[in-house]
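Please keep the sequence and the three-dimensional view at hand while reading.

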Amino acid sequence: MKRRSLGLATRAIHGDPKARADWTAVAPPLFQSSTFTNPVGSSAEVLYSRYGNNPNQVNIGRRLALLEGAEAALFVASGMGAAALAHLAVLRPGDHLLSSEWIYGGVYRLFTQEFGRLGIDVSFVNPTQTRTWKQAMKKNTRAVFLETPTNPVMRVIDLEPIATLCKAEGLAMIVDSTFASPVNLRPLEHGADIVIHSATKYLNGHTDVIAGAVVGTEQVVEEVRRLMQVWGQALDPFAAWLIERGLKTLAVRVARHNATGLALAQWCDAQKAFTQVHYPGLPQHPDHDVAKRVLDGGFGGMLGLELKGGVRAAERFLRALTIPAHAPSLGGAETLVSEPRLTSHAAMTPAQRAQAGIPDGFLRFSLGLEDPDDLIADFAQALARL
Ligand SMILES: Cc1ncc(COP(=O)(O)O)c(C=O)c1O
């Protein structure tokens, strides 16, 4: 009988259960050690936690590769570190990077403030039209970068036509899949070459770690590892241990985020106080059909809301809410709410934000693991106090 491949939840918990030896701890030990002994006279690479070869670091890299269906994966010190190193692994001075204009503000700053100094030219396109990607390519374009679902308006990009274009032109396609997690989307299955994550978010899931990850071929991940070592981007072993613990519940956590996301989006959509509800699971969302096709786990736990009355109404609503914590970031057990104009997109001008569909007063919710009925009741009492 042909052996069925293991499901994502099983892989997230066990990695490869066949590899488990007798008489070993079921919960992995923490190797909180910067260095390890090595045999006298050996020329093999020494074990040193900055090299990313501490067992805690190695375990989570293997685990994520299994979840994304990749040859290899490597965790680094932050999502920003992952974004920087993934690009440095494939770009050289004189190259051009074509990026989606709808990306996390920190990555936008990396591209606009730092890449020029390295001789890497970056330009931005609206990511929803394959034609605009093709038109914006230059002779020296070497890589394409995009984020999906996008932060914070939750546009879902159809990766396959862009991947086909990248293959034809010989370009590396890099996708930031932080918002989806491998439960909802595995970009390599849709033709991407490299996936990055802010593991600070869903992969860890408990709002207590800053980390990033790069996923791809052995060759790309080896180059990222080399850069990580010399640029000092390794992840601390305890952070790696916490991520391994977080990964064990990734599938159930994201299933709950998906269910709560849909429930809250549908409820908000029925309230007159909201002028826009940004959630790809709603039929009127511009990418609902793409989302149904590519987000095979669910539509996620991120929700964008616009209130009648703009910034002032948004601030009154925020003050009246009791369960969501007013804080940046996402993907944890606690519901968080933030205003992109003051957080993730603060580096953009109001005009750039308006062009990206983020008017002032836009609220971004990361729905947590609380009882959905409690969140709905809290939203209702806050609306009643507007
Ligand atoms: C989509 C996305 N990519 C990358 C990052 C950067 O990750 P980190 O804060 O772990 O450096 C973030 C952080 O909010 C993000 O939302």
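This is a predicted model: local features need pLDDT of at least 70, side-chain atom pairs count only at pLDDT 80 or more; totals for chains, interfaces and linings use all residues.

Strands of a sheet pair through backbone hydrogen bonds, either parallel or antiparallel. In this model, seven strands make up an open sheet with mixed pairing, and their order is S1-S7-S6-S5-S4-S2-S3. Strand S1 (72-76) and strand S3 (121-125) are the edge strands, each of them pairing on one side only. On average, and with direction ignored, neighbouring strands of this sheet are turned by 20° against each other.

One pairing within this order can be followed in detail. Strand S2 (residues 96-100) is joined to S4 by four bridges, and the two pair in the parallel sense. Here leucine 97 has alanine 143 of S4 standing opposite.

Strand S9 covers residues 302-307, and six of its six residues are buried. In a regular strand the side chains alternate between the two faces of the sheet. In S9, Met302, Gly304 and Glu306 point one way, whereas Leu303, Leu305 and Leu307 point the other way; all are buried.

Which strands pair with S9? One partner is strand S8 (residues 274-278), which pairs with S9 in the antiparallel sense over four bridges. Within this pairing, glutamate 306 of S9 is the bridge partner of glutamine 276. Strand S12 (residues 363-366) is another partner, running antiparallel to S9 and joined to it by four bridges. Arginine 364 in S12 stands opposite glycine 304.

## The two largest pockets

Rolling a probe the size of a water molecule over the atoms shows where empty space is left. The largest pocket has a volume of about 650 Å³. Its lining consists of 22 residues, and His14, Arg20, Asn59, Arg63 and Glu244 are those nearest the centre. Helix H1 (8-14), helix H2 (55-68) and helix H9 (237-248) each contribute at least two residues to the lining of this pocket. The largest share comes from H2, which supplies six residues. By residue class, the lining of the largest pocket divides into eleven nonpolar, five polar and six charged residues.

The second largest pocket holds about 410 Å³ of space. It is lined by 23 residues, with Met80, Tyr104, Ser198, Lys201 and Ser329 nearest its centre. Helix H3 (79-90) and strand S6 (194-198) each supply at least two residues of this lining. S6 gives the most, with three residues, and S6 also takes part in the seven-stranded sheet. The lining of the second largest pocket comprises eight nonpolar, eleven polar and four charged residues.

## Salt bridges

Side chains of opposite charge can pair when their charged atoms come close. A search of the whole structure finds 18 salt bridges. In one of them, glutamate 169 pairs with lysine 134, and the closest N and O atoms are 3.9 Å apart. Glutamate 169 belongs to helix H6 (residues 159-169) and lysine 134 to helix H5 (residues 130-136), so the pair ties together parts that are 35 residues apart in sequence. Glutamate 169 counts as partly exposed, at 43% relative accessibility.

Another salt bridge joins the side chains of aspartate 287 and arginine 155, at 2.5 Å from N to O. Aspartate 287 lies in the loop between S8 and helix H11 (288-294), while arginine 155 lies in the loop between strand S4 (141-147) and H6; the pair therefore ties together parts that are 132 residues apart in sequence. Aspartate 287 is buried, with a relative accessible area of 6%, and arginine 155 also counts as buried, at 18% relative accessibility.

Glutamate 222 and arginine 225 meet through their side chains in a salt bridge, at 3.1 Å from N to O. How far apart are these two residues in helix H8? They are three residues apart in H8 (residues 218-231), which means that about one helical turn separates them. Glutamate 222 has 41% relative accessibility and counts as partly exposed.

Salt bridges also link residues into a network, which contains Arg186, Glu189 and Asp296.

Note on methods:
Residues are numbered from 1 along each chain as its sequence is written. Side-chain values use heavy atoms; hydrogens and water are left out. Buried means under 20% relative accessible area, exposed over 50%, partly exposed in between (1.4 Å probe, protein chains only). Two strands pair if DSSP finds at least two bridges between them. On a 1 Å grid over the protein atoms alone, a cavity is a set of points where a 1.4 Å probe fits but cannot get out, and a pocket is an open set with protein on both sides within 12 Å along at least five of seven lines; lining residues have an atom within 4 Å of a point. Grid points are joined across faces, edges and corners, and a volume is the space filled by probe spheres set on the points. Ala, Val, Leu, Ile, Met, Phe, Trp, Tyr, Cys and Pro count as nonpolar, Asp, Glu, Lys and Arg as charged, and the others, Gly among them, as polar. A salt bridge is a side-chain nitrogen of Lys or Arg within 4 Å of a carboxyl oxygen of Asp or Glu. Axes are lines fitted to C-alpha atoms, for helices over the stretch in contact, and angles run from 0 to 180 degrees between N-to-C directions.
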